[in-house]
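User: I would like to learn how to read a protein model. Could you take me through this one step by step?

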Amino acid sequence: MTTVAPETVAATVRAMRRAGAAGEPVPAAEVAAWARTFMVQLYGLQKPVRIECRPLYSVEPWVKAEDADVVHARRRKLDIRALYLHPKPDKPGKAHRFKNDVCQD
């Protein structure tokens, strides 16, 4: 059932639901394509600003993770999270009312 990866998050979710309803195993390549679609559509091509870790199932504060912590997270029983910097949305421009070249707003 290998298909081309959908281009939008909504199309990816629909494909995942169809695959789940079929009840058959999904090829790893298709799951990887879904993951790529989610990462590109939701986060863009940006890299994480900061990677943090803490012990699994704990409420300790998050601390900056070293590269080895990320690579060996399962062995060290660490919970890892990546923080991304999302661009701020553009503010809509305000239409100004002018009277005799003076803004009235």
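**Salt bridges and surroundings**

Analyst: Asp 69 forms a salt bridge with Arg 76, and their closest N and O atoms are 2.6 Å apart. A salt bridge here is a side-chain nitrogen of Lys or Arg within 4 Å of a carboxyl oxygen of Asp or Glu. This is a predicted model: local features need pLDDT of at least 70, side-chain atom pairs count only at pLDDT 80 or more, and totals for chains, interfaces and linings use all residues. Residues are numbered from 1 along each chain as its sequence is written, and side-chain values use heavy atoms, with hydrogens and water left out.

User: What average pLDDT does the protein have?

Analyst: pLDDT is the predictor's confidence in each residue, from 0 to 100. In this protein, 87% of the residues score at least 70. The average pLDDT is 85.

User: Which strand has the lowest confidence?

Analyst: Strands are DSSP runs of E with at least two residues, helices are runs of H or I with at least four, and both are numbered from the N terminus. Confidence is highest in strand β2 (residues 63-64), at a mean of 96. Where pLDDT is low, the predicted coordinates should not be read in detail. The lowest mean, 78, belongs to strand β5.

User: In what order do the elements run from the N terminus on?

Analyst: The protein has three helices and five strands. From the N terminus on, they run α-α-β-β-α-β-β-β.

User: Is Asp 69 buried or exposed?

Analyst: Asp 69 is found in helix α3 (residues 67-71). Buried means under 20% relative accessible area, exposed over 50%, and partly exposed in between (1.4 Å probe, protein chains only). The relative accessibility of Asp 69 is 13%, so Asp 69 counts as buried.

User: Which residues does Asp 69 touch, not counting residues up to four places away in sequence?

Analyst: Contact means heavy atoms within 4.5 Å. Arg 76, the salt-bridge partner of Asp 69, is partly exposed at 42% relative accessible area. Leaving out residues up to four places away in sequence, Asp 69 touches Cys 53, Arg 76, Leu 78 and Ile 80.

User: Which residues are linked in a network of salt bridges?

Analyst: The salt bridge count comes to three. The side chains of Arg 50 and Glu 52 meet in one, at 2.6 Å from N to O. The side chains of Glu 52 and Arg 81 meet in another, also given as 2.6 Å. The linked residues are Arg 50, Glu 52 and Arg 81.

User: How many residues apart in sequence are the parts that Glu 52 and Arg 81 tie together?

Analyst: Glu 52 is buried, at 7% relative accessible area. Arg 81 counts as partly exposed, at 32%. Glu 52 lies in strand β1 and Arg 81 in strand β3 (residues 78-83), so the pair ties together parts whose separation in sequence is 29 residues.

User: Why does Pro 61 count as exposed?

Analyst: Pro 61 is found in the loop between β1 (50-55) and β2. Not counting residues up to four places away in sequence, Pro 61 touches Cys 53 and Arg 54. Pro 61 counts as exposed because its relative accessibility is 64%.

User: How many residues does the protein have, and what share of them is buried?

Analyst: One buried example is Glu 52, at 7% relative accessible area. The protein has 105 residues, and the buried share is 16%.
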